[in-house]
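Here are my notes on the model you sent.

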Amino acid sequence: MSGNVQLLNDTLTAAKSEGRAALIAYLPAGFPTVTGGIEAVKAALDGGADVVEVGLPHSDPVLDGPVIQTADDIALRGGVKIADAMRTVREAHEATGKPILVMTYWNPIDRYGVERFTAELAEAGGAGCILPDLPVQESALWREHADKHGLATVFVVAPSSKDARLAEITAAGSGFVYAASLMGVTGTRESVGAQAEDLVRRTRATTDTPVCVGLGVSNAAQAAEVARFADGVIVGSAFVKRMLDAPDDAAGLEGVRALAADLAKGVRGQA
């Protein structure tokens, strides 16, 4: 069974051909429950997201701010497992036909087994994996199995990354490059800032792979701002916050769907 890296590539190419950035949503598996998390992913895609990153909740999420940490804690206390993340990918992809990635720290994969993880993700219809804390120079084993199973390997670059380091990272990655718009953790921000535009420009100088910007985008105006210079706009905390703040699960799903629709207008310059 081959994964869906080509679907991811085609989706990003299609967005570009429409003269817009892709909208990439992030939602953690198992939040508020496994089934509820699957419904949230489907709501984001139904609302207008092109791609979803399914987060694998982790006890020490170094890239994630307080909103996602809160959701992760709820999922972990609910007993979420890697199998639940795979189920989330499978059911969301089957329901929508859209590309679904997993975003995870390295330790759970290392313990689970690289071959087992990549094989199961491909079998679930996954498009790839975002690995924020896996150093490129230690990624050969992962990339070997990901390539074998038709999965993208998405690495994260930051404003602090030197040009030579950017070239090293982009040469090893596939699918897209995750450009962190600022130094720090995930969360909504008043402004995404000029750092992100400079990082995209420097990253593009090293690769033809799409460059997608995350960290800080929470509304249509910010999505439109980032869409001017990036191939994709990644939004996570704002979706999670809609669910955390909702009075019940149904309202949370409607909040996710409505935010996706609003952001979809933003990436199309209609905000």
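**Notes on salt bridges and a helix contact**

1. Arg-201 is exposed, with 53% relative accessible area. This is a predicted model, and the points below should be read that way. The partner of Arg-201 in a salt bridge is Asp-198, at 2.5 Å from N to O. Asp-198 is partly exposed, at 33% relative accessibility. Helix α9 (residues 194-204) holds both Arg-201 and Asp-198, three residues apart, or about one turn of the helix.

2. A second pair sits in helix α12 (residues 249-267), where Arg-257 and Glu-254 are also three residues apart, about one turn. The closest N and O atoms of their salt bridge are 3.1 Å apart. Arg-257 is partly exposed at 30% relative accessibility, and Glu-254 is partly exposed at 44%.

3. Arg-20 and Glu-18 form a salt bridge with closest N and O atoms 2.7 Å apart. Arg-20 counts as buried because its relative accessible area of 12% is under 20%. Glu-18 is exposed, at 51%. In total, the structure has 15 salt bridges.

4. Helices α2 (residues 34-47) and α4 (residues 82-96) pack at about 35°, their axes 9 Å apart. Their crossing is right-handed. Residues making the contact include Ile-38, Val-41 and Leu-45 of α2, and Arg-87, Glu-91 and Ala-92 of α4. By class, the contact has six nonpolar, three polar and five charged residues.

Terms used:
Residues numbered from 1 in each chain as written. Predicted model: local features only at pLDDT ≥ 70, side-chain atom pairs only at ≥ 80, totals over all residues. Heavy atoms only, no water. Axes fitted to C-alpha atoms, helices over the stretch in contact; angles between N-to-C directions. Helix = DSSP H or I, 4+ residues; strand = E, 2+ residues; numbered from the N terminus. Left-handed = near helix turned anticlockwise from the far one by under 90°. Contact = heavy atoms within 4.5 Å. Nonpolar A, V, L, I, M, F, W, Y, C, P; charged D, E, K, R; others polar. Salt bridge = Lys/Arg side-chain N within 4 Å of Asp/Glu carboxyl O. Buried < 20%, exposed > 50% of the residue type's maximum accessible area, 1.4 Å probe, protein only.
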